[in-house]
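Reader: I'm new to reading protein models, and I'd like to go through one with you. Can we take it feature by feature?

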Amino acid sequence: MTIKKVGIMTTGGDCSGLNTVIQRVVDGCKRRKWKIIGIKDGTDGLYMNPACVIELTNESFQFASSHLAGSVLSNGNAHTTNFESSARAGKLASFNKRLQKSLHDLNLDALILVGGNGSLSLAHLYREIYNDVQLVCIPKTVDMDVPLTDKTIGFDTAVQQLVSYCDQLLLTARSHHRWFVVQTMGRDCGQLALSAGVAIGADAILIPEIKFDIENMIKHIKQSKRDYGIIMVSEGITMRGHSGKPADMISRQLNANGIANRTAFPEHIQRAGDTVASDRILAAGFAETALRAIENNETYVMTTIQNGEYKTISLDDFFAAGKHVKDPKIIGAMTSNRYVDPDDVLLQIATDMGIYIGEKRK
Ligand code: F6P
């Protein structure tokens with residue numbers, strides 16, 4: 001078997017499960033007698049090569065802690081030259097060239113990029129950066145907005161974090177006869193709010209993919225004959241004629257209707273928390289699938305799980321499968337986005353549970 005030199009980096013927002021992926025990749029490389037290096041801070045660190053390159057050994061890292069959230073390789077450094085600042089300065093071409101040179105100088109055979117739909121879309125758009133290596137991507141995000149995979153690293157742990165958070169809120173909610181409007185992450189994808197809302201049995205779940213009628217939602221809350229509970233609101237919802245944070249908008253309407261309530265913002269706690277078992281299994285499956293792809297000389301691919309089967313798909317297919325929206329940070333770049341499918345079984349389950357999930361599907 002040929003000895004390979006593999007690099008790994010984590011990019012975009014962090015989430016729980018990244019360290020498990022890194023650990024499984026390191027273990028898998030060691031078993032194959034391959035060399036493995038880590039590039040800190042993703043493409044931001046790659047730009048700084050060799051300053052951000054580290055050897056990954058079990059001695060240099062406390063891998064016993066691989067179930068902890070965050071990434072031992074860090075996820076990016078907003079204070080350095082990066083895609084965003086280079087795009088703003090009109091210097092993307094030279095930034096990309098420098099990344100390509102760094103990879104060439106590192107003499108890597110393959111690079112494992114653990115990223116969300118933004119990073120994967122950039123890798124697809126600027127594929128020339130990775131001309132000299134086999135590029136294998138592993139999808140991670142709490143948003144679950146990556147097309148063509150049934151799961152992403154970090155999603156299940158984020159759902160668990162929200163469930164634990166809401167379990168606690170419900171105790172104080174009941175004591176004070178008040179409702180909590182909980183605003184979840186997810187950008188413009190409602191999967192996280194939907195899953196957590198079903199898991200805790202929320203009274204209402206509002207997601208960007210489904211139009212809602214505030215009067216009907218309030219009627220629904222009043223009909224519950226309870227004076228406490230949870231209304232789960234995805235951060236991507238909008239209300240015509242209203243502005244501010246989504247949870248605040250809903251809270252104001254509840255106040256106007258005499259429903260005592262408070263808002264709650266779990267924020268980045270959703271990206272933390274000890275990695276749950278299903279995310280660790282996913283990390284193991286994705287790591288082995290990525291290493292097998294390297295053995296098979298694949299490149300420009302992404303690992304996926306579809307109907308329980310682990311495999312790779314091309315980055316072209318990933319990009320083509322989603323809805324193309326403007327990258328919120330990088331001028332001129334488009335991101336391939338996935339949304340809650342109108343046939344998602346959780347929508348039907350939520351309806352059957354008597355949860356208000358809105359009116360008409362957009
Ligand atoms: O994409 C992941 C995500 O956590 C979103 O759900 C959220 O809107 C965003 O990142 C938060 O980004 P930041 O960490 O920059 O505040």
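Reader: Let's start with glutamate 267: what is its relative accessible area, and how is that class called?

Author: First, some background: this is a predicted model, where local features need pLDDT of at least 70, side-chain atom pairs count only at pLDDT 80 or more, and totals for chains, interfaces and linings use all residues. Residues are numbered from 1 along each chain as its sequence is written, and side-chain values use heavy atoms, with hydrogens and water left out. As for the classes, buried means under 20% relative accessible area, exposed means over 50%, and partly exposed is in between (1.4 Å probe, protein chains only). Glutamate 267 has 36%, so it is partly exposed.

Reader: Where is glutamate 267 found?

Author: Helices (H or I, at least four residues) and strands (E, at least two) are DSSP runs, numbered from the N terminus. Glutamate 267 is in the loop between strand S9 (261-264) and helix H10 (277-295). Its phi is positive, about 45°, although glutamate 267 is not a glycine.

Reader: Which value does phi take in lysine 225?

Author: A positive one, near 60°, and again the residue is not glycine. Lysine 225 belongs to the loop between helix H8 (214-223) and strand S8 (229-234). With a relative accessible area of 74%, lysine 225 is exposed.

Reader: And threonine 275, is that buried or exposed?

Author: Threonine 275 has 2% relative accessibility, so it counts as buried. It also lies in the loop between S9 and H10.

Reader: What does the side chain of threonine 275 reach?

Author: Think of polar contacts: pairs of N or O atoms within 3.5 Å; within protein, one must be able to donate a hydrogen and the other to accept it, and residues adjacent in sequence count only if both atoms are side-chain atoms. The threonine 275 side chain reaches the backbone nitrogen of glycine 17 at 3.2 Å, and a polar contact of 2.8 Å joins it to the side chain of serine 16.

Reader: Now the ligand: which residues surround it?

Author: Here a residue is near a molecule if one of its heavy atoms lies within 4 Å of it. The ligand has Asp143, Met185, Gly186, Arg187, Glu235, His268 and Arg271 around it.

Reader: How far is an oxygen atom of the ligand from a polar side-chain atom of glutamate 235?

Author: That pair is 2.6 Å apart. For the side chain of arginine 271, an N or O atom is 2.8 Å from a ligand oxygen, and for glycine 186 a backbone N or O atom lies 3.0 Å from one.
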